[in-house]
Amino acid sequence: MISFTVTAVVFGIVFLAELPDKTALAGLVLGTRYRASYVFAGVAAAFAVHVALAVAAGSVLTLLPQQLVQALTGVLFLGGAAVLLMKKDEDETEVRKPENQSFWKVSGAGFMLILIAEFGDLTQIMTANLAARYDDPLSVGIGAVLALWSVAAIGIVGGKALMRRVPLKLITKVAALLMLGLGLWSLWEAIAG
């Protein structure tokens with residue numbers, strides 16, 4: 001049986017912890033370039049995997065080598081920044097067309113980005129701890145996945161709304177610089193940690 005109280009508490013905690021995280025930025029960047037539903041499908045699937053792992057494994061996830069996770073995240077963000085900076089200028093109307101990217105390519109990119117970047121993340125560890133604390137894996141899992149999906153949707157929808165008001169070229173450059181900063185920060189944490 002699902003406890004709505006536990007689900008609501010977990011939702012609030014995870015939502016607030018994830019909102020300022022790199023996931024919202026990743027969703028925003030992907031949302032400016034690709035069909036929102038395709039991006040969300042991949043991101044949502046990755047979060048479902050993370051929550052399932054956190055709930056199933058409990059606090060064991062905290063034992064994973066954090067430096068390796070941070071290094072992979074850093075490389076992934078640096079690669080994303082490089083792709084954005086080297087990409088030829090595109091006609092904004094072409095980018096908005098959903099048919100220029102397949103569902104599997106776009107959702108797969110979103111899935112892999114979140115799967116790697118969020119592995120061992122604070123919210124995954126928090127979810128594991130909440131699952132251990134409440135001993136109600138279903139309620140904790142539902143609350144956590146709904147919170148993560150909500151943050152992802154806000155980022156993706158925010159990206160689409162931003163593209164209607166700001167030139168794509170500027171969005172791409174700012175996103176590349178942010179991804180470069182996140183990549184360097186993650187690599188610094190991996191080396192310093």
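Modeller: A residue is called buried when its relative accessible area is under 20%, exposed when over 50%, and partly exposed in between (1.4 Å probe, protein chains only). The model is a predicted one, in which local features need pLDDT of at least 70 and side-chain atom pairs count only at pLDDT 80 or more, while totals for chains, interfaces and linings use all residues. Residues are numbered from 1 along each chain as its sequence is written, and side-chain values use heavy atoms, with hydrogens and water left out.

The buried residues of α6 are Val-106, Ser-107, Gly-110, Leu-113, Ile-114 and Ala-117. They lie on the same side of α6, because the arc they cover around the axis is only 125°, taken from the directions from the helix axis to the C-beta atoms. Trp-104 and Lys-105, on the other side of α6, are exposed.

Phe-103 is partly exposed, at 30% relative accessible area, whereas Tyr-38 is buried at 17%. The ring centres of Tyr-38 and Phe-103 are 5.2 Å apart and the planes stand at 85°, so this pair is edge-to-face (rings of Phe, Tyr and Trp, the last by its six-membered ring, pair with centres within 6.5 Å; planes under 30 degrees apart are stacked, over 60 edge-to-face, the rest tilted). Because Tyr-38 belongs to helix α3 (residues 36–57) and Phe-103 to α6, the pair ties together parts 65 residues apart in sequence. Ring pairs also bring Trp-104 into a cluster with Tyr-38 and Phe-103.

Terms used:
Helix = DSSP H or I, 4+ residues; strand = E, 2+ residues; numbered from the N terminus.
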